[in-house]
Amino acid sequence: MEKLKSIVRKAKVYLFQGDKYECPFCGYKSSRLGAFGFNLPVIEEKEIIGSGLRRCRCYRCNAIDRERLIYAYLEHESQFFKENSLPVILHVSPEKHLSKYIQDQKFTQYIKGDLFVGRYSYPADVENMDITEIPYPDNYFDLIICNHVLEHIRDDMKAMKELFRVLKPKGKAILQVPISFKLKETYENEGVVNPKDREREFGQYDHVRIYGLDYTKRLMKAGFLVNEFNLSSKYTKLGLNLKEKLFIGRKNK
Ligand SMILES: [Zn+2]
């Protein structure tokens, strides 16, 4: 079965060569992207951005749009890896390809943390970390990447405050979440606990809420200054999600 999958994958890599997209992680140039994700009624009804079935996967390395979006920001829109900025970095739940890209840059320290759960195996350099209690001092990190993590955390305000606490003044935190602009307010319900119910209510079995238009306000409540912008249409070859905005949290003092 694995062998068959591998043959099919190789065939697709051959078949979909083209010049519409170019994967920044493996260099594969393609005419289209592979399907990823799944549709659920709640995802369609609430138009949750960053969820649902979409064509966003590199046929060769399997990297998806979320990773490429952070890449686009770091590589083209920020100074972290330019001019000897040598940042101290915290990467929460580090994505494979993005983390490899960062590892190849110049930095002072690159900490990777995740709250270990049984169903995954983690590389040796990922620390077991609860982001509602980050084991680092105040004002420690120049760059924090927390990409689609907060929607899994029950006490997200505590996590946001912790991320703010460990961020250096003038540092930047990339704080992406699946979000619905159809919801004025974030929808959460502590009574919804079992995976099937969470899938129905929040669009994924291990999500605890759907963020709405008040997401920025919540980040601000935790202390962040927030820049929101959309750069997806600027880098067409990266095949980004045209609806996904970047949320960059800053700290001014
Ligand atoms: Zn790739």
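**Close-up views of a predicted model**

**View A. Lining of the largest cavity.** Tyr21, Glu22, Cys23, Tyr28, Ser30, Leu33, Cys58, Arg68, Lys237 and Leu238 line the largest cavity (a cavity is a set of points, on a 1 Å grid over the protein atoms alone, where a 1.4 Å probe fits but cannot get out; lining residues have an atom within 4 Å of a point). The model is predicted: local features need pLDDT of at least 70 and side-chain atom pairs pLDDT 80 or more, while totals for chains, interfaces and linings use all residues. Residues are numbered from 1 along each chain as its sequence is written, and side-chain values use heavy atoms, without hydrogens and water. By class, six nonpolar, one polar and three charged residues form this lining. The volume of the largest cavity is about 50 Å³, and the structure holds one cavity of 30 Å³ or more.

**View B. Burial of helix 5.** Helix 5 spans residues 156–166, and eight of its eleven residues are buried (under 20% relative accessible area, 1.4 Å probe, protein chains only; helices are DSSP runs of H or I with at least four residues, strands of E with at least two). Among the buried residues are Met157, Met160, Leu163 and Phe164. The partners against which the buried residues pack include strand 5 (88–92), helix 7 (215–221) and strand 13 (246–250) (contact: heavy atoms within 4.5 Å).

**View C. Pairing of strand 9.** Strands 8 and 9 run parallel and are joined by six bridges (pairing requires at least two DSSP bridges). Phe141 has Leu167 of strand 9 as its bridge partner. Strand 9 and strand 13 run antiparallel, with three bridges between them; Ile174 stands opposite Ile248 in strand 13.

Note on methods: Buried < 20%, exposed > 50% of the residue type's maximum accessible area, 1.4 Å probe, protein only. 1 Å grid on protein atoms, 1.4 Å probe; cavity = no way out; pocket = protein on both sides within 12 Å on 5 of 7 lines; lining within 4 Å. Points joined across faces, edges and corners; volume = space filled by probe spheres on them. Nonpolar A, V, L, I, M, F, W, Y, C, P; charged D, E, K, R; others polar.
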